[in-house]
Amino acid sequence: MKTAIVGGGRGCLSLIEFIFERGLVELPLDVQLICDLEENAPGIAYAAERGIATGSDPEEVFKLPGLELVIELTGDDGTAAQLQQRCPQGVRFMDHDMARIFWDLIQVQQKLEREREQTRKILDSIPDIVMVLDQEMRIQTINAGFSRLTGLSSAQSRGEFCYDVLCRRRAPPAATDAGCPFRKVFETGKRAELVQVSDHVKVPGIEQHFDITMTPLEEEKGKITQVVETLHPVNERVWLQREVEEAALRFRQFIDSAHDRISIKDLKGRYQVANIATAKTFGLKVEDLIGKTAHELYPPGSADWITEHDREAIKQGKPISFKETITLESREIHLGTVRFPLRDYKGDVVGVCNISRDITQERRLQRQLVQADKLAAIGKLAAGVAHEINNPLTGILAYAEDLLEDVENDDEREEDYQVIIRETLRCRDIVKNLLDFARQTTHRFEKTDLREVVGNTLALVLRQAIFRDITLDQNLADRLPAVSGDKHQLGQVILNLLVNAAEGVEGKGRIEISTCVVDAGANCQVTVADSGPGIPEDVIGRVFEPFFTTKSTGHGLGLAVSWGIVQQHGGRIEAKNREEGGTIFRMILPKLEEES
């Protein structure tokens, strides 16, 4: 609209500045001429800079070709009246009072522009990606974050489909697409969120992860017209989460590959972490162990001292070593354990870590070594003593037998001579056992069926009077792997165990002999258990020592000889008391490795 302005003061300057810098959307003005009596008026000077015609005579206004609007900004009512009277028909006139209202509207528009600019700055300062979409998913507004991500300016992206720009898709997502709830938000008017979306935005060569929020915008009547979609980058969170998961995986692989038992408990004694070796101790899976306490897994006595050891490590606040023995399913397990407190980032103790190594085999080998050294020393002594005693015993026996032949039947000395002969023979048996114990016998090793050895031994003992009132239960496996051994020597061991059990029940009671495969098929086991009173716990560890016996009779060499035989066969022999009463002996021998 071709416009002329009369009055070039500050009001004129503000108006033409606004027109040139922002423009009036609803009233586009094309200022052709500005008149003012003062040549240095602010509006005149600015108009000259902008190439707008200026003048000092208001009459020039009405000579302007195609004039459509005259604006009077002098502030003088008389001048305004004169100009309005002179205004040709069809030309609009706006005096300074009406211009003031118009100016107020301009001020409102300027305020709105400032607020819009402030909103733009706020949007651009947000690190998230923000865009406003219409119901067709066309982009209406974006922020600087969107431009940084896509490389598109506001002008380039406006009117484009968001699924084309961001998702690299040519067709809009279906209403049932769970990966893009836009349609659902538009229909229900409810806000929607997607967490850690990695395939919503596809920027070539860049892995992106976002938390996405879609918020509906309503008009006054509640109609949804637009949706604000916000994409919050969570790359660092995802990468950190991956690092944590990878660290946890490495930790799990590390502890599960260890043969030691590794576990972590909280301050209430509940398992929080356990490796496979720990779970196998109880025949459980790792996940089934979590949350349980020692009292749910161990016998009451063991659970009490395990709990006490945990408390001691927490109390002292430093690593502590323990030698521990636990009994699980009649098996004694010896452990070398280190316990130490676990602390959080503040340094507070939050639990206790246990690392236990199974030293059962080491303990067994150590005891065998001590026993072997002891037997070797005693054997040398026994051999020397036996040889020194054997010669005088032979002389005593010969003289006693000669004297017995010379006496009459009714001679009172006959009984004395018989006592001398009997006790001398008894001493000679002891000497013979000493020599058998001390002698390094060469065994004849061959493929041996333990079931056959047990059967032959049972056939022998059942004829003895001591077994007459004893119930002998047999629980023999149908098939056993062969072992490499001396049948006669192994039969002697089984015989010693059976006779020892019979003496333990004092000729009346129950004895059970059984055979089975143990240690995952690597070894064969012969077990002899009795229903007797058992062996006192304070001496049961000495039963395989030479000359040690809990009986009033006997010389204490039977079990020592048996121990030596089993050791020479590469096996082991164990003794312990049964919970239900009585004693149980186990002879364990390695199975024969068949040649291929």
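Met137 sits in the loop between strand 6 and strand 7 (139–142). In this predicted model, Met137 has a positive phi of about 70° although it is not a glycine. Most residues other than glycine have a negative phi. With a relative accessibility of 1%, Met137 counts as buried.

Asp519 also has a positive phi, near 55°, in a residue other than glycine. Asp519 is found in the loop between strand 19 and strand 20. Its relative accessibility is 41%, so Asp519 counts as partly exposed, whereas Met137, at 1%, counts as buried.

## The chain overall

The protein chain has 17 helices and 22 strands. Of its 596 residues, 40% count as buried. Among contacts in the chain with a separation of 6 or more, 55% are between residues 24 or more positions apart.

In soluble globular proteins, nonpolar side chains tend to be buried together. Here the largest nonpolar core has 39 residues, and those with the most contacts inside it are Leu450, Leu498, Ile511, Ile513 and Met587. Two or more residues each come from helix 15 (450–461), strand 17 (470–475), helix 16 (487–504), strand 19 (509–518), strand 20 (523–530), helix 17 (558–568) and strand 22 (583–590). Helix 16 gives the most to this core, with seven residues.

Which residues is Ile513 in contact with, leaving aside its neighbours within four places in sequence? They are Val454, Leu458, Asp473, Gln474, Asn475, Leu476, Ile494, Leu498, Val526, Thr527 and Val528. Leu498, in this list, is also among the residues with the most contacts inside the core. A second, separate core has 26 residues, including Cys162, Tyr163, Cys180 and Phe210.

## Helix 17

Helix 17 is mostly covered, with eight of its eleven residues buried. The buried residues are Leu559, Ala560, Val561, Ser562, Trp563, Gly564, Ile565 and Val566. Just after the helix, Gly570 takes a positive phi of about 75°.

## Helix 1 against helix 2

Helix 1 (residues 10–21) and helix 2 (residues 42–50) have axes that come within 7 Å and cross at roughly 30°. That angle makes helix 1 roughly parallel to helix 2.

On the helix 1 side, the residues in the contact are Arg10, Cys12, Leu13, Ile16, Glu17 and Phe20; on the helix 2 side they are Pro42, Gly43, Tyr46, Ala47 and Arg50. By type, the residues of this contact divide into seven nonpolar, one polar and three charged.

## Aromatic pairs

Counting rings whose centres lie within 6.5 Å, there are three aromatic pairs. One of them is Phe161 with Tyr163: the ring centres are 5.2 Å apart and the planes are at 20°, so the pair is stacked. Phe161 is partly exposed, with a relative accessible area of 24%, while Tyr163, at 7% relative accessibility, counts as buried. Tyr163 also belongs to the second core.

Another pair is Phe182 with Phe186, whose ring centres are 5.6 Å apart with planes at 45°, so the pair is tilted. Both residues lie in helix 8 (residues 182–188), four residues apart, about one turn of the helix. An α-helix has 3.6 residues a turn, so residues three or four places apart point the same way. Phe182 is buried at 0% relative accessibility, and Phe186 is buried with a relative accessible area of 14%.

## Pro127

Where does Pro127 lie? Pro127 is in the loop between helix 4 (96–125) and strand 6 (129–133). With a relative accessible area of 61%, Pro127 is exposed.

Leaving aside neighbours within four places in sequence, Pro127 is in contact with Arg148 and Pro233. Pro127 and Pro233 are 106 residues apart along the chain, and their C-alpha atoms are separated by 8.3 Å.

Notes: Residues are numbered from 1 along each chain as its sequence is written. This is a predicted model: local features need pLDDT of at least 70, side-chain atom pairs count only at pLDDT 80 or more; totals for chains, interfaces and linings use all residues. Side-chain values use heavy atoms; hydrogens and water are left out. A nonpolar core is a set of buried Ala, Val, Leu, Ile, Met, Phe, Trp, Tyr and Cys residues joined through side-chain atoms within 4.5 Å. Buried means under 20% relative accessible area, exposed over 50%, partly exposed in between (1.4 Å probe, protein chains only). Contact means heavy atoms within 4.5 Å. Axes are lines fitted to C-alpha atoms, for helices over the stretch in contact, and angles run from 0 to 180 degrees between N-to-C directions. Angles under 35 degrees count as roughly parallel, over 145 as roughly antiparallel, 65 to 115 as roughly perpendicular and the rest as oblique. Ala, Val, Leu, Ile, Met, Phe, Trp, Tyr, Cys and Pro count as nonpolar, Asp, Glu, Lys and Arg as charged, and the others, Gly among them, as polar. Rings of Phe, Tyr and Trp (its six-membered ring) pair if their centres lie within 6.5 Å; planes under 30 degrees apart count as stacked, over 60 as edge-to-face and the rest as tilted.
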